[in-house]
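I opened the model to look up core packing and helix contacts. My notes follow.

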Amino acid sequence: MIDLRALRDNPETARASQVARGADVAVIDDILAADSRRRNALQAHEEKRAAQKALSREIGAASGEDRTRILAEAKSLADEVKALAAAAERANAELEALVLQVDNIIEDGAPAGGEDDYVVLRHAGVPKRDFAAEGIQPRDHLDLGEALGAIDVKRGVKVAGSRFYYMTGVGARLELALLHCAMDQAIAAGFIPMMTPTLVLPEIMGGTGFLGEHADEVYRLATDDLYLTGTSEVALAGYHRDEILELDNTPRRYAGWSTCYRREAGSYGKDTRGIIRVHQFNKVEMFSYAPIEAAHEEHLRLLAFEEEMLAKVELPYRVIDVAAGDLGSSAARKYDCEAWLPTQQRYMEVTSTSNCTTFQSRRLHIRERHEGKVRPVATLNGTLATTRWLVAMLENHQQADGSVRIPKALQPYMGGLEVMEPQG
């Protein structure tokens, strides 16, 4: 939820944000008008309520006809006060409904435009391999995974339907190695490890901004009125709902390990082969509650943690500054890391980190004590490792004989195993 006071004081910033996102600008004026109506309604109610209290004080001293008259006036005032209170509630509800339509105000410097208007900030990681020079025709991750006995999509589909799979044998071990390595890195950096719920209440899912225009991505259990989370960000954001934190100018960091669920609505025909775009996967997610002034630097810190992890698994990647129209409702700024995918000759998103400023905390009523006052905190999130990384790892580390090299950083988590060999 956006800061209504900031919007009132500086509506041009909000209008510019809407333009950059390609969103409706007129809603800003609608909000300002609704805010004016709400304040006028509240003022009218308070004035009439004050008159009612003043008249009530006269009742005790009145007698006879004066008392009868005052009682009649009091009843009339009570009816007016009740009607004005109802009008104020309606005006407030109208305002809240409009405010919820506006996505977070983008951070200054975020690129304008849509999905294809991102800005490449840098290329990093190990150099991309020249498979042709090595005399290798690269195989895609599913061919490799099946040959290694690491991925079984056919039985996943048989058991659960399309876009489900099994990680088997060495594949299961590699996924666990990746996630354990990520969690160990997070703990070493001061994050508190968390095993989070994967079912949450509607107010938690809505509070994080996932029930807006992309609500069709979310699985809902109608009988229980619960939602399956697509990231542990949701549960971690809800962890301190309705609380006042003592941050003392220092971010509070959590690392959540969970299974995640996404319907992938609207993605039919996209990355349907293998495990790139699936309905269920595992992830280690970083989440920070930070003082507002520290949010920008904390965002860059989360990005650095992601790049540190990508270096450990020895992947070539690039960092992009995501355009405003592709940020999602909660983010004010987002950076993606995209790993090189040799068989498709393209970069594929493997991590994302977002600065949500106070958008989520206002909805979830999460605040901190600061200089003797209470104010909303900033929330930030970032992926530290997820199942999709295995796609890029298998393809980039394949060898001519069909085996796949295990990055050195993960070998201790694999019992010292250095290479995954094809099965007979």
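Entry 1, Leu 178. I left aside neighbours within four places in sequence and listed what Leu 178 is in contact with (heavy atoms within 4.5 Å). The list is Met 309, Val 313, Ala 385, Thr 386, Trp 389, Leu 390, Met 393 and Leu 410.

Ground rules. I am working on a predicted model, where local features need pLDDT of at least 70, side-chain atom pairs count only at pLDDT 80 or more, and totals for chains, interfaces and linings use all residues. Residues are numbered from 1 along each chain as its sequence is written, and side-chain values use heavy atoms, with hydrogens and water left out.

I took a nonpolar core as a set of buried Ala, Val, Leu, Ile, Met, Phe, Trp, Tyr and Cys residues joined through side-chain atoms within 4.5 Å. Buried is under 20% relative accessible area, exposed over 50%, partly exposed in between (1.4 Å probe, protein chains only). The largest core has 59 residues. Which of them touch the most other members? I found Ile 151, Leu 178, Ile 275, Leu 384, Trp 389, Met 393 and Met 420. Helix H7 (residues 170–188) gives this core its largest share, nine residues. I also noted a second, separate core of 18 residues, with Met 194, Tyr 227, Val 234 and Tyr 254 among them. Helices (H or I, at least four residues) and strands (E, at least two) are DSSP runs, numbered from the N terminus.

I checked the axes, which are lines fitted to C-alpha atoms, for helices over the stretch in contact, with angles from 0 to 180 degrees between N-to-C directions. Those of H7 and helix H10 (residues 295–312) come within 11 Å and cross at roughly 140°. The pair is therefore oblique; under 35 degrees counts as roughly parallel, over 145 as roughly antiparallel, 65 to 115 as roughly perpendicular, and the rest as oblique. Leu 178 turns up again: with Cys 181, Ala 182 and Gln 185 in H7, Leu 178 meets Phe 305, Glu 308, Met 309 and Lys 312 in H10.

Helix H5 (residues 141–148) and helix H12 (residues 389–396) have axes that come within 9 Å and cross at roughly 80°. H5 and H12 are therefore roughly perpendicular to each other. From H5, His 141, Leu 144, Gly 145 and Leu 148 meet Val 391, Leu 394 and Glu 395 in H12.

Is Thr 383 buried or exposed? At 7% relative accessibility, Thr 383 counts as buried. I located Thr 383 in strand E16 (residues 378–386).
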